[in-house]
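Here is a short note for a colleague opening this entry for the first time. Please read the points below with the structure at hand.

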Amino acid sequence: EEALDRTRELNPDLLLMNIILKDVRDGIHTGRLIHADHKKPIIYITSSASQETIQRAGSAGAFGYLFPAMDDRQLYATIETAVSRNTLEIKLESSRHWLNSILNSIGDGVIALDTDGRIQFINFVAQQLTGWSQAEASNKWIYDVCQFIDEKTHAVIDLARFGYDADIPYHLSRKTALLVSTEPRSIPVDLNLSLVKTREGE
């Protein structure tokens, strides 16, 4: 509680957290709470740590580790790396929030899938159409959330093959379809599938 209160009061750029704290099991749980509430980079201080402890600290938002044998240059490098990484993560989160706000403000339903066909983002309009929230649909296979039915053949549209009809980067496919989700109804939609590729063409 004291560590959380002091973090809230001082608003530091970085925290040094001893993995072993007085009168508590360890500092990892405290570090996890601080990182979740305040998004502050945390460097853990330890004389020795098992692989399991390092993994637990990593899941709690560890940005580095300090050991007694480290000299001043190693200390500076560890702190500088942690601050720089935290700055980049804040910028990335800000960009992600900005993009999500734009996608949620448009009047069309947008569903973003990864290469395995799992949902990474579903905007507000698409949530209303499918009956699934972002939290419910996240990382779900698209066919577990909704299906698109060809109006002419009444066959389920294979989204993977549908997107690769032409070997053109950023190819955009369009098709009239019926959206079928958990709701007991089918909704006519204009299905637009756009492939987003990396600079390497993947």
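1. This is a predicted model, so confidence comes first. The mean pLDDT of the protein is 81, with 85% of its residues at 70 or more.

2. Where pLDDT is low, the predicted coordinates should not be read in detail.

3. On the overall make-up, the protein has eight helices and eight strands. Of its 202 residues, 30% are buried. The protein exposes about 13700 Å², of which carbon and sulfur atoms supply 53%. Among contacts with a separation of 6 or more, 40% join residues 24 or more positions apart.

4. Helix 2 can be looked at residue by residue. Which residues of helix 2 (residues 28-38) are buried? They are I28, T30, G31, I34 and H35. These residues lie on the same side of helix 2, because they cover an arc of only 155 degrees around the axis. An α-helix has 3.6 residues a turn, so residues three or four places apart point the same way.

5. The cover over the buried residues of helix 2 includes both helices and strands: helix 1 (2-10), helix 3 (51-59), strand 1 (15-18), strand 2 (42-45) and strand 3 (62-66).

6. The end of helix 2 also deserves a look. Just after helix 2, K39 has a positive phi of about 55 degrees.

Key
Residues are numbered from 1 along each chain as its sequence is written. This is a predicted model: local features need pLDDT of at least 70, side-chain atom pairs count only at pLDDT 80 or more; totals for chains, interfaces and linings use all residues. Side-chain values use heavy atoms; hydrogens and water are left out. Buried means under 20% relative accessible area, exposed over 50%, partly exposed in between (1.4 Å probe, protein chains only). Helices (H or I, at least four residues) and strands (E, at least two) are DSSP runs, numbered from the N terminus. The arc is that of the directions from the helix axis to the C-beta atoms. Contact means heavy atoms within 4.5 Å. pLDDT is the predictor's confidence in each residue, from 0 to 100. Accessible areas come from the Shrake-Rupley method with a 1.4 Å probe; for residues, only the protein chains shown count as cover.
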